Amino acid sequence: MSTHAKRERLLLADLLETAGPDAPTLCEGWTTRDLAAHVVVRERRPDAAGGILIKQLAPRLDKVMAEYTDKPYEELIQLIRTGPPRFSPFSLKPLDEASNIIEFYVHTEDVRRAQPDWSPRELDPVFQDALWSRLERTARLMGRGVTTGLVLRRPDGQTAVAHRGTPVVTVTGEPSELVLFCYGRQSAAKVDLDGDENAIAKLHETKQLGI
């Protein structure tokens, strides 16, 4: 059975292929080539991927990223499409779904929403629920750096607290849009914000959301 992560993986590969290596993305300073290299390094080079989260390993990550960025773009696309090698933990279906459903969804939208003519996708309710489930578990991690209270709310009223504090800003939207908001794509996320005006302005501008 196809998983959400696998579907988003293949969609991302197709979008990267169509866009070409020099198209913009929502990842500041990254073209589609840079984004493709990041995805490949993350799941194929665990010796370097730790640099994404650990500053001490960042020089190693930068070196390996440069090596992969220099590879033929078509090769990067094929490596994304075929998935991780057998020795990678990401080759295990449960871990792939748990770790990559948001990863590939966000990067797919990084490519789509950087284009001037993009429009929102219609996502099925099961996928929205899967995104919400992951977001609920990681909300506090995503919001740990903000300076105000932050509550995430679905249109049906379900909520998750991303950060405790005052004043409180409530961000309402579909799980897919809340994911983008919490992963630092505030300007591209289709959400409604309610609360103190100054707090909302700071939240729109903050770079402290996400990992």
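# Close-up views of a predicted model

View 1. The buried residues of α8 are Pro175, Ser176, Glu177, Leu178, Val179, Leu180, Phe181 and Cys182. Here, buried stands for under 20% relative accessible area, exposed for over 50% and partly exposed for anything in between, with a 1.4 Å probe and protein chains only. Helices (H or I, at least four residues) and strands (E, at least two) are DSSP runs, numbered from the N terminus. As you look around, keep in mind that this is a predicted model, in which local features need pLDDT of at least 70 and side-chain atom pairs count only at pLDDT 80 or more, while totals for chains, interfaces and linings use all residues. Residues are numbered from 1 along each chain as its sequence is written, and side-chain values use heavy atoms, with hydrogens and water left out. With eight of its eight residues buried, α8 is mostly covered. The cover over these buried residues includes helices α6 (93–112), α7 (125–142) and α9 (197–205), along with strands β1 (149–153), β3 (168–172) and β4 (192–195). Just past the helix, glycine 184 has a positive phi of about 85°.

**View 2. Leucine 178, a residue of helix α8.** This leucine belongs to the helix spanning residues 175–182. Leucine 178 counts as buried because its relative accessibility is 0%. Setting aside residues up to four places away in sequence, leucine 178 touches Trp132, Leu135, Leu152, Arg153, Arg154, Val171, Thr172, Gly173 and Val191; contact means heavy atoms within 4.5 Å. For a sense of scale, serine 88 is 90 residues from leucine 178 in sequence and 29 Å from it in space, C-alpha to C-alpha.

**View 3. The largest nonpolar core has 31 residues.** A nonpolar core is a set of buried Ala, Val, Leu, Ile, Met, Phe, Trp, Tyr and Cys residues joined through side-chain atoms within 4.5 Å. Tyr105, Leu150, Leu152, Val171, Val179 and Leu203 have the most contacts inside the largest nonpolar core. Two or more residues of this core come from each of α6, α7, β1, β2 (159–163), β3, α8 and α9. Of these, α7 gives the most, with seven residues. Domain 1 (3–114) and domain 2 (126–205) both contribute to this core, so it lies between them. Zooming in on leucine 152, and leaving aside neighbours within four places in sequence, you will find contacts with Trp132, Leu135, Ala139, Gln158, Thr159, Ala160, Ala162, Val171, Leu178 and Cys182. Apart from this core lies another, of 22 residues, including Ala37, Val41, Tyr73 and Phe104.

**View 4. Where domain 1 meets domain 2.** The domain bounds come from an automatic or database domain assignment. The C-alpha centres of the two domains are 25 Å apart.

**View 5. A cis peptide bond between threonine 166 and proline 167.** Omega for this bond is about -10°. Proline 167 sits in the loop between β2 and β3. Most peptide bonds are trans.

**View 6. Leucine 16 in helix α1.** With a relative accessible area of 0%, leucine 16 is buried. Beyond neighbours within four places in sequence, its contacts are Thr32, Leu35, Ala36, Tyr73, Ile77, Ile80 and Val111. Leucine 76 is 60 residues away from leucine 16 in sequence, and the C-alpha atoms of the pair are 9.7 Å apart in space.

**View 7. Alanine 23 in the loop between α1 and α2 (32–44).** Alanine 23 is buried, its relative accessible area being 9%. Not counting residues up to four places away in sequence, alanine 23 touches Thr31, Thr32 and Gln115.

**View 8. The second largest pocket, with a volume of about 180 Å³.** On a 1 Å grid over the protein atoms alone, a pocket is an open set of points with protein on both sides within 12 Å along at least five of seven lines, and lining residues have an atom within 4 Å of a point. Grid points are joined across faces, edges and corners, and the volume is the space filled by probe spheres set on the points. The second largest pocket is lined by 14 residues, and Thr3, Lys6, Arg9, Pro84 and Asp96 lie nearest its centre. α1 (4–19), α5 (73–82) and α6 each supply at least two lining residues, and α1 has the largest share, three residues.

How values were computed:
On a 1 Å grid over the protein atoms alone, a cavity is a set of points where a 1.4 Å probe fits but cannot get out, and a pocket is an open set with protein on both sides within 12 Å along at least five of seven lines; lining residues have an atom within 4 Å of a point.
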